[in-house]
Amino acid sequence: MTGEPVLNVGIFLAIVAVTLLVVYRASSRNTTTADYYAAGSGFTGVQNGIALSGDYLSAASFLGIAGAIAVHGYDGFLYSIGFLVAWLIPLLLLAERVRNVGRFTMGDVVSFRMRQRPVRAAAANSTLVISAFYLLAQMAGAGVLVSLLLDVRSTGGQALVIAGVGAVMIVYVLVGGMKGTTWVQIIKASLLLVCVLLLTVFLLGKFGFDVSALLNRAADNNALGDEVLRPGAQYGKDGTTKLDFVSLSLALVLGASALPHVLMRFYTVPDALQARRSVLSATWTMVLFYLCTLVIGYGASAVVGSRTIMSAPGKENSAVPLLAFSVGGTVLLAVVAAVAFTTILAVVAGLTLTASASFAHDVYANVLKHGRPAPGAELRVARITAVVIGLLSIGGGILAIGQNVASLVALAFAIAASANLPTILYTLFWRRFNTTGSLFSMYGGLASCLVLIVFSPVFSGGANSIVKGVDFHLFPLNNPGIVSIPLSFLLGLAGTLFSRDRADEARSDELEVRAVTGIGA
């Protein structure tokens, strides 16, 4: 496939220019820490919900899931089911309480009634690790797009474009803060929805709006045949793959509500009611998006064919660009290229802002400076941290080229569910929970998840492993959630019950009243 690199770059640069203008206009009000971290809590629930879907619908959703459906059929669609069902937890349990209890970061919530310094440090560590895995996935997606859409095949050329993506992302964060980043997310989510709707309508029209005809052609043009229409093509081959699917499902369903950049977005609205509306708006936006990806995924199999997809640079991640070129030619390919690049830019900007805010607010301001940083110092540290994280993500993205984007994001979800979710739920709903339990749960969940990932087929011993040519994997599953998530809950329970720490009764009472009523938020 060869598109028109000049046209692709032109449309992308036009979108970047518009979003940079929006970021610049929004930056004029970034005068306080609250403005930079939480946009002054000035967005409505619907605005924040669209931005939240923009934060969540990453390169994994746009490239990875559609590619997984195109190659593996029904089992690929299970990714999107997990991503979508996951929103029940923040809707029913977390959105309002997190908005009422915290101020800027997840560390505000989990340290509210604990010893501040060790718990905030643990929260910052988990935030940085999760953000690193998520950033790797986005930058890997950028590498795929570079090779496919700009016809840049050399590693050096892809590295240069990834560096360019990282540089623009750093500008978004430094200049716009949360307000600018939120508007970028809103623009990006709107463009993404229009793009997938266009592709869906084009595809259905190509098959006379007969879904059965599309599915039959997809099966005929897929290496797996009719198996792509049934469960089990990817995860039903043996006991290990079935267990891997259960582990993946746990990570997806439980991880979304514990992602730091998702939790941080609840602080950009004025109250708990708007936080709940944010989740509702985001959920309906994503329902529409994932229904479209189902058609796009099977459409890519029908029109392009799974063998062609798997032989292209980027493999599964190349399904959507290949389909766009087949259905709409150079122009549609250029639009998809621009939207996909904007998707990556917006998501990495949100992740970078979250990671830098966690380090500056939790580690610098509250751990190192004991809650009394010099005026303006916290914002300076946040901006410096954003630059450092941006540079590291560029390096990681170059190393991650060729990895399946959706599987990398699934690992970030597993880490979030292991390191963060048990501590958040225990803090909000169990009065006896204490500092020792928090540290056991966060560090235990984080460490166990990372160790299992390193010794899994993701790192070595598999066809698509990160480290090629060696095999030191000991854990048979690609996703460690089925082990690390229950272990984190158990460690939090054990740390609380068997330690001499006592919960702070007064702070527990304050948290309960504040979480439910919003008084003091």
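This is a predicted model: local features need pLDDT of at least 70, side-chain atom pairs count only at pLDDT 80 or more; totals for chains, interfaces and linings use all residues.
## Basis of the model

Local features are reported only at pLDDT of at least 70 and side-chain atom pairs only at pLDDT 80 or more, while totals for chains, interfaces and linings use all residues. Residues are numbered from 1 along each chain as its sequence is written, and side-chain values use heavy atoms, with hydrogens and water left out.

## Overall fold

The chain has 21 helices and 0 strands; helices (H or I, at least four residues) and strands (E, at least two) are DSSP runs numbered from the N terminus. Its radius of gyration is 22 Å, close to the 24 Å that the globule rule gives for 521 residues, so the chain is as compact as a globular protein of that length. That radius is taken over C-alpha atoms, and the rule is 2.2 Å times the number of residues to the power 0.38. Along the principal axes, the C-alpha atoms fill a box of roughly 65 × 55 × 40 Å.

Of the 521 residues, 59% are buried (under 20% relative accessible area; exposed is over 50%, partly exposed in between, with a 1.4 Å probe and protein chains only). Among contacts (heavy atoms within 4.5 Å) between residues at least 6 apart in sequence, 82% join residues at least 24 apart. The accessible surface comes to about 18600 Å², and carbon and sulfur atoms account for 66% of that area. Areas come from the Shrake-Rupley method with a 1.4 Å probe; for residues, only the protein chains shown count as cover.

## Nonpolar patch

Ile81, Val85, Leu88, Leu92, Leu93 and Phe429 make a nonpolar surface patch of about 530 Å². Patch residues have over 30% relative accessible area and no salt bridge, and nonpolar side chains (Val, Leu, Ile, Met, Phe, Trp, Tyr) are joined within 5 Å, like charges within 9 Å. A salt bridge is a side-chain nitrogen of Lys or Arg within 4 Å of a carboxyl oxygen of Asp or Glu.

Helix α6 (88–101) and helix α5 (74–85) each supply at least two patch residues, and the largest share, 3 residues, is from α6. Phe429 lies in helix α18 (residues 421–429) and is partly exposed, because its relative accessibility is 43%. The buried residues of α5 include Phe77, Leu78, Tyr79 and Phe83.

## Positive phi in a loop

Ala39 is in the loop between α2 (33–38) and α3 (45–56). Its phi is near 55°, a positive value in a residue other than glycine. Ala39 counts as buried, because its relative accessibility is 2%.

Ser41 is in the loop between α2 and α3, and has a positive phi of about 55° although it is not a glycine. Ser41 is partly exposed, with a relative accessible area of 22%.
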